[in-house]
Each structure stands twice: as structure tokens, then as C-alpha cells.
Amino acid sequence: MSESSISPELIAIYLDDAREHLEALDHCLLALEREGFDHQTANGVLGPLHTLKGNSGMLGFSRIKEYVHKLEDVFARIIDGRLSFESGIFDVLFAGASALRDAVEMACQKGAEQRDLADQMAGLDELLSTATLAASRSPIPKGADDGAQVVSVSTQQPRKGSAAHYLVAPSNILRVDFTQLDHLLNLVGELVIYRTKLQQVGHRLAGHFEKRESAEELLAAVDQVTDVSAQLQGTVMQLRMLPIRHVFERFPRMVRDMARQQGKDIELIIEGEGTRVDKAIIDEIGEPLVHMIRNSVDHGIEPPDARARQGKTPTGTILLAAAQESNHIVVTIMDDGRGVDANAVRRKAVECGLIKADQSLSDREALQLLFTHGFSTAERITDVSGRGVGLDVVLKAIERLNGLIEVESVPGVGSKFIIQLPLTLAIITTLLVDVADRTYAIPLSSVVETIRFGSDDVHHIQGRDALRMRDRIVPLVRLADVFGLSRNEKEGRMFAVILGRGDKQIGLIVDRLNGQQEVVIKGLDQIVTSGATAVAGATIMGDGSVVLIVDVPALFENRRLALVSDRSGKLPAA
């Protein structure tokens, strides 16, 4: 097949498959380097390599095919003992694996091979030329071609006349383009909208029926439609869910390479990689996690000699874990490195003019300043990371996903970053509120509680209104002011929706609470959904009206330090 005739669909399938085989190669090399030679581990990578070689040849990627074939030869020599198993071999193999990954990605992007693998081929040729006998290795069966995979064949013969020998076992896996799932989700979203409308109309009509049996029959049919549509919605959402392993599996290789560059010994422990989350989040969470892990490697884990002086093991540990909690996923990045000194953060914040010298902040509040743009306690900024440099990028990325991040740290012991994210971004539960005769939806995941208060409960502190709730000062924001609407506040009791982001809270004043409702998020133009507008998207209600979804992170943006100040302030004497 000529490269010019390769269809985009075939390239997409090849690339998806190749990434899995390349991950298998990385995991194999990491295991062999860390745990020593294991015949089963080394032999297990031959299958993925053989498939990658065949697929590459089918698409006409000859240079990739030749390199993978040579790589098969190297692994065959390792397995049969003719190539000595020394540490120097890993530098060649890891560098070659990186080059191979680049070559595959570039070939799929352009539809033709772009990267020259001649240098990497020369490295493999040099390994093969130095192949030596090692008596401790188990030889491969005689007669097997170099580089060929050894396949065990069952001796049980099918019954005479049976076609079972020629049949392929049925597969439960079906590849579906994600855009088709998006379209299906949009249809389900429309169904959710009309389901709500059907419920409203059904209950209204039932009250006009003369016969009670007819009303009950109508309501039963409505309940059945509601139940089936809810099951359909849940099934579609599950189809969009992928194990977070698809993100986590890239990090062992990254940590290994970075640790070697810095002369550190680091073990990465991964837990909960089977936790499932929406693909939309899978696609976005990778970059923030890269920042966090690079940060732990560079400024968290100390060099072996420094760890030994502190009584620690020479090998540092980074934990990357995921777990589902209710309708959220919690990702934890924890290291046993030097930690962050909250006092140093306070001093640096005063120097930068972020806080006042006499301002009182708890350690937890001080550590949150690490996510301020440009803030860093590091005296030396490396090309890998700087403590605080890039963490503001992490915060913005997490907030775009309607998530939050917190940090805990003990100097000399280590640091722990906790990221909380929704399981899906497509359909969310919201609290509907009315302001100036308009309805808005607030993501329920950000709602701490709702309260009713009077004008006498409002305190005026440092130029803004606030409520005192359980020994805590909560600044108030009027949703009417956020959207430039006329205030419709009446004398007497008012409603406030208490919103939380980490340990920060604000109270959003609204005219009326209309209860909870599950809605489908509809994307809007980026100009409309910018942080300045406090609009995260829109949804369509059962009556066809359009309701804007409030962007909760935008309400906290540019107010972070002010909120910290408010919490530490005191109410004026009565």
C-alpha cells in the first residue's frame, strides 16, 4: 500500500494500536532495568513488536518496519543469551524507543515517514555485533528464526469435518470514533430535555383526567420513559469512560528519564489506574499531571546523598493514585521529598507584595499561594521545573474542568497534592436559581449549602458585604451584579448559595431557589465563556428556554487573595 493512498481512518487505527505496543515496550524496558532479567518479561514484548512491524509494513512505513525488525533481533539475542545483559544496553534501547515513538507520531501526522532512524539503527547494529554467549540464559528452540516469536500450538485436533479450526474467536471489542459518541450524547441530551418536559406536561394533564385510572396509567408511562431514558443516559456515559491508566502509563518512563538526568533514584508507585473517567477529562488532565510530577522529581525528591544525611532511604518515592469518591475522581500526587516550608512561602509572598507583613495566614492558606502566577520559593529555576512555576497553569487547567486542587506539605517529610475532578463534563447536576426574573444554573459540585438570611445578618468589612457563618467570614457576591442585571432584592429574607473552591468560600446572593436538575452542557463561543463573563456554557430546559451555566471558578478568579484576607479578618465590634 502506497503512503499516498492511506486513508485517515486506517492511520487512526494504526496509531491507536501502535501507541499500545510502544507502551508495552516502555513497560518491558522499565521492568527489566528495575528488576533484572526475566525471561517471561523479555519474551512478552516480542508479540507487540511483531504486530507493530507488520502493521507498519502494511502502511508502507518501511523505515519503522526495519527498525522494529532490528529491535526484535536484539530482544531475541537477549532472550537466548547471546547478548550480554548490561546496564549500558538500556540507554540505547530507551533512546531508540523514544525515537521510534516520534517516528510513528510524525508519520501518522503527515501520512508519510518523516524521521530518519539511521542513528538508532546503528546503535542496534552495534549491540548485535557485540553479542556474546551467556550460559545462564535459556536458549530459544532450535530452528526458530532470529527475531521470530515462539508460539505454542495446541496438540488437540478438531473433530473431523469441523470448521472450528479455521474460525476466529468472537471479540467483545468494537472501535468507535469518539465523534460518534459525542453525537449520541447530544441525542441523549435532547432526550433528557424532552423527558423533563414530558414529566411536566404529564403531571399537569393527569390532574384534568376524570378517571383516576387514566391518570395513573399516564403517570406510569411517564415514569417508564423516565426510567428507560435514565438507563440509556447512564450507558452512553459509561461508553465515554476510560481507565485513567491511559494517562498514568506515560509517567513511569518520564520519571525514569528525569531521575537519570538529575542523578536521583526515584520509584514511582501507581495506584487506582483502573479508575474510569470521561474521555474529555482524560484528554485534558495529562498536562497538569506532567507539571505536578516534574515538580516532584525536580524540587521534591532530594539527591541520594542528601536523603542519606537526613536519615532517609537513597531512593525517593512518588505516589500517583486515583480513586472514585461519589461522583468525583480524586487524583493524589505525593512524594517523600523535602516538602515546602509554609514560613518561606509567607516571606516570599510578602517580598512579592502578595500579602501584607502583618497578615495572618494558616499554613494551609499559605501553601495555596503556590498556585499564584509567577510565584516561586525556589532559588534556582531549572529547565525541568520550578516550585510554583507552572503551578498556576495547573490551577487554571483544573478549574477549567470544574475541579479543585489542594496542597499539604511538611518540611523534610514531603508534599501531597490532591486534585478533585468530576467524572464527566457532559451532563451535570445543577442548582437552578432565579435572579431578576431570569434563571441560571449553578454546578451542584461547587455548592456547599444554601441559606436564607436577613439584612441584619450582613456585615460591611473592608468595602464589601459578608456573612458570619460558624466563626467564618464569607464574602457576598450578588449574581445580579455579575451579569449586570438590576437588583430585585426585597425587604426581609434573602437567599445565598455558598460556593466552595478548596478551603475558600463565597456567598452568591440570588432571588429564589428552584431546586436541582440534571442538565446537558452546551458549548458556547469562547468569547462568551471567557473568565470575565462568568459563563461556563448553557443548557436547554424542558420548555425550550436557554439557561446559562455559572462559571464558578471565574467568580473566585482575581479574588483569591482577597478571600484569604477576608477569612482571617475580624468582625467589627457591635
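pLDDT is the predictor's confidence in each residue, on a scale from 0 to 100. The protein chain of this predicted model has a mean pLDDT of 79, and 83% of its residues reach 70 or more. Local features here need pLDDT of at least 70 and side-chain atom pairs count only at pLDDT 80 or more, while totals for chains, interfaces and linings use all residues. Residues are numbered from 1 along each chain as its sequence is written, and side-chain values use heavy atoms, with hydrogens and water left out.

**Confidence along the chain**
- Where pLDDT is low, the predicted coordinates should not be read in detail.

**The six-stranded sheet**
- Six strands form an open sheet of mixed pairing in the order E10-E14-E15-E13-E12-E11, where two strands pair if DSSP finds at least two bridges between them.
- Strands E10 (447-454) and E11 (458-461) stand at the edges with a single partner strand each, so one side of each is left without a neighbour in the sheet.
- Strand E14 (residues 493-501) runs antiparallel to strand E15 (residues 504-510) and is joined to it by seven bridges, with Phe495 having Val510 in E15 as its bridge partner.

**Cysteines**
- The whole structure contains zero disulfides, defined as pairs of cysteine sulfur atoms within 2.5 Å.

Note on methods:
Helix = DSSP H or I, 4+ residues; strand = E, 2+ residues; numbered from the N terminus.
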